[in-house]
Amino acid sequence: MSLALGDWVSVRGHEGQVRYFGATGFSEGMWAGIELQAAVGRNDGAVRGVRYFSCAPRHGLFVPASQCVKIDGPSDSGSGAPDLADAWVKVEGADEGAALKAGQESQKVIDYLTAQYPHGATPDKAPALKKERSSGGFFGGRSSSRARVKNQLSQGGDEAYATLLAEIDLPPDYAGPCFESRPTAADAAALLAHVKRHVAASEGSAAASSAAVPHRIAMQLLLWARQHFSNVGNIVDISIAQGRVVVVGDTHGQLADFCWLLRSHGPPTLENVYLINGDVADRGAHAVEIFLLIIAFLLAEPAAMHLNRGNHESLDMNVRGFHEGGGFATEVGAKYDSAMFTLFQDVFNLLPLATRVNSEVLVLHGGLSRTNSATLAQISAIDRRRPIPVAPVNAEDMLFFDLMWADPRAVDGVGLSAVRGAGCATFGPDITRRFCEINRLR
């Protein structure tokens, strides 16, 4: 996007003017310095001791140009909500599309290297690649023997994790619930109360990015979740004769929003069923805590809490930075370590792809297949226990990809998304009608 000084733009739903556009000393590429109308920014126009422009404190924000949506000017109070919502959708799509395209380029490199050096072979003079650092980072300076265990976690299964779990103690000042067995509804409510207290007490301090759920309890919850989802199909059926299903989408680490939903709509029960429709991960600071709370409620009463997979419950999105629409790997690394990130990925790869309510309504995160002939049987046959394909190579991959990435559109037919790009499809009302007819859905 071409920007000029003085342009009015909308960034993440907030309006402002471009006060700087060009290269910076804090990151590569072209960055736009925005003076926002509200105090929701991160600086006053200076970053790391270098001043790019001047504005009031917390009115300055630097973003890639792709995150800016040009507008004619500041909207009148109360009249710009639809425009801002539309702008946010466009920014979100651009972020995700850029991350997806980067993943596709990475996949090409991986495919090339796999073809050149099959069966684990490597060039004679190529240095060994190491993901862990000698200190800090995901591994936090732990012993190399423990690091080796972590590199084999997915292959070693529960036994490898049990080895790690036995080494982890609860913090001496922890006052939340302890789980000797799978949590009850009371345990899940107590964990929610503890998380809220921890976050409120640490807000604005150095502990703000610390884990609200201790390492040992978080790992145990994830291990139980892995066992649970291992026995779940691609499509989960909900049958509810009385009560309601509360469908929640895209919490993206916004803990305050998640807590408000629970308070506003009530706790999960057999007559107040929650369906979390994916995209809990990335962007926000508390995706870890939201996931663990969802899991606690789900384990307490599996029929009252359900969780679909979204396109952000996948490695390719999680390893992107916060400014690229990702950030989950960074969050997990700051709060725990690489073992926990590996375990989260194990759970993500097991999450169901859709949920059917009373055999009539199908809820999924993305959209319908571009083939116009997909069936529930085909969805049920997908090998979901893997990262979401970023470069589909067959019909199964394409169906999996569309279930996570496709978007609806107002006109009939199938097209390519102008917002997301990267091969993402859009589908019209006729595709939805046809899908419902084929699969006997309402």
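## Rings that pair up

Rings of Phe, Tyr and Trp (its six-membered ring) count as a pair if their centres lie within 6.5 Å; planes under 30 degrees apart are stacked, over 60 edge-to-face, and the rest tilted. Searching the whole structure this way turns up 14 aromatic pairs.

Take Phe26 and Tyr52: this pair is edge-to-face, 6.1 Å centre to centre with 90° between the planes. Phe26 sits in the loop between strand E2 (14–23) and strand E3 (30–36), and Tyr52 in the loop between strand E5 (50–51) and strand E6 (60–64), so the pair ties together parts 26 residues apart in sequence. Strands here are DSSP runs of E, at least two residues, and helices are runs of H or I, at least four, numbered from the N terminus.

## About the model

This is a predicted model: local features need pLDDT of at least 70, side-chain atom pairs count only at pLDDT 80 or more, and totals for chains, interfaces and linings use all residues. Residues are numbered from 1 along each chain as its sequence is written, and side-chain values use heavy atoms, leaving out hydrogens and water.

## The cores

A nonpolar core is a set of buried Ala, Val, Leu, Ile, Met, Phe, Trp, Tyr and Cys residues joined through side-chain atoms within 4.5 Å. The largest one has 62 residues, and Met219, Leu221, Phe328 and Phe344 have the most contacts inside it. Helix H7 (residues 287–300) gives the most to this core, with 12 residues. Apart from it lies another core, of 25 residues, including Leu353 and Phe427.

Definitions and conventions:
Buried < 20%, exposed > 50% of the residue type's maximum accessible area, 1.4 Å probe, protein only.
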